[in-house]
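Hi,

Here is the structure I promised to pass on to you. Please open it beside this email, and then read on for what turned up in it.

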Amino acid sequence: MKNFMMLFHSEPNPDFNPTPDQIQDEIKAWQDWMDGISAQGKLKNPGEALGFEGKTMHTDGSITDGPYAEVKEIVGGFMIVSADSIEEAIQLSNGCPALSSGGKVEVRDIMVFDEM
């Protein structure tokens, strides 16, 4: 088994003001999806939601406000799953609530360096 990180991307919608019921429905959708992965014994780390505040350090030493100053999409969170292959990890992303709202799930393998 290998570990894979799922990064959840979406485009911010400043005009979207969800109702409390919509927020609860979204939370439940995420919990149900993650519970399904956990029930398979494949959820290694549920991760965290990421905030909107941040700064970016560039190679020339300059610092810009916001981690997403140059792009129109944000990384809203992450989680770590375990799978036999990247294809299996991609299959685990099926049903992710980010996908139903126009977002996407990036799946990356986590490299492990043996200690010397």
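This is a predicted model: local features need pLDDT of at least 70, side-chain atom pairs count only at pLDDT 80 or more; totals for chains, interfaces and linings use all residues.

Histidine 9 stands opposite lysine 104 in strand β6. That strand covers residues 104-109 and runs antiparallel to β1, with six bridges joining the two.

Residues are numbered from 1 along each chain as its sequence is written, and side-chain values use heavy atoms, with hydrogens and water left out.

Now the sheet. β1 (residues 2-10) also pairs with β5 (residues 74-83), in the antiparallel sense and over nine bridges. Within that pairing, phenylalanine 4 has valine 81 of β5 as its bridge partner. β5 is joined to β2 as well, by two antiparallel bridges, and there leucine 43 has valine 81 as its bridge partner. Put together, four strands make an open antiparallel sheet in the order β2-β5-β1-β6. Its edge strands are β2 (43-45) and β6, each of which pairs on one side only. On average, neighbouring strands of this sheet are turned by 35 degrees against each other, direction ignored. Helix α1 (residues 20-39) packs on the sheet and touches β1, β2 and β5 (contact means heavy atoms within 4.5 Å). The direction of α1 makes about 20 degrees with that of β5; such axes are lines fitted to C-alpha atoms, for helices over the stretch in contact, and the angles run from 0 to 180 degrees between N-to-C directions.

Which aromatic residues form one cluster? They are Phe8, Trp30 and Trp33. Rings of Phe, Tyr and Trp (its six-membered ring) pair if their centres lie within 6.5 Å; planes under 30 degrees apart count as stacked, over 60 as edge-to-face and the rest as tilted. A search of the whole structure gives three aromatic pairs. In one of them, the ring centres of phenylalanine 8 and tryptophan 30 are 4.9 Å apart with planes at 75 degrees, so the pair is edge-to-face. This pair links distant parts of the chain, since phenylalanine 8 is in β1 and tryptophan 30 in α1, 22 residues apart. Tryptophan 30 and tryptophan 33 are edge-to-face too, at 5.7 Å centre to centre and 80 degrees between the planes. These two tryptophans are three residues apart in α1, so about one helical turn separates them. Phenylalanine 8 is buried, at 8% relative accessibility, and tryptophan 33 is buried at 9% (buried means under 20% relative accessible area, exposed over 50%, partly exposed in between, with a 1.4 Å probe and protein chains only).

Last, a loop. Glycine 54 sits between β2 and β3 (55-57), and is partly exposed, with a relative accessible area of 25%. The C-alpha atoms of glycine 54 and aspartate 65 are separated by 6.4 Å, although the two residues are 11 apart along the chain.

Enjoy exploring!

Terms used
Two strands pair if DSSP finds at least two bridges between them.
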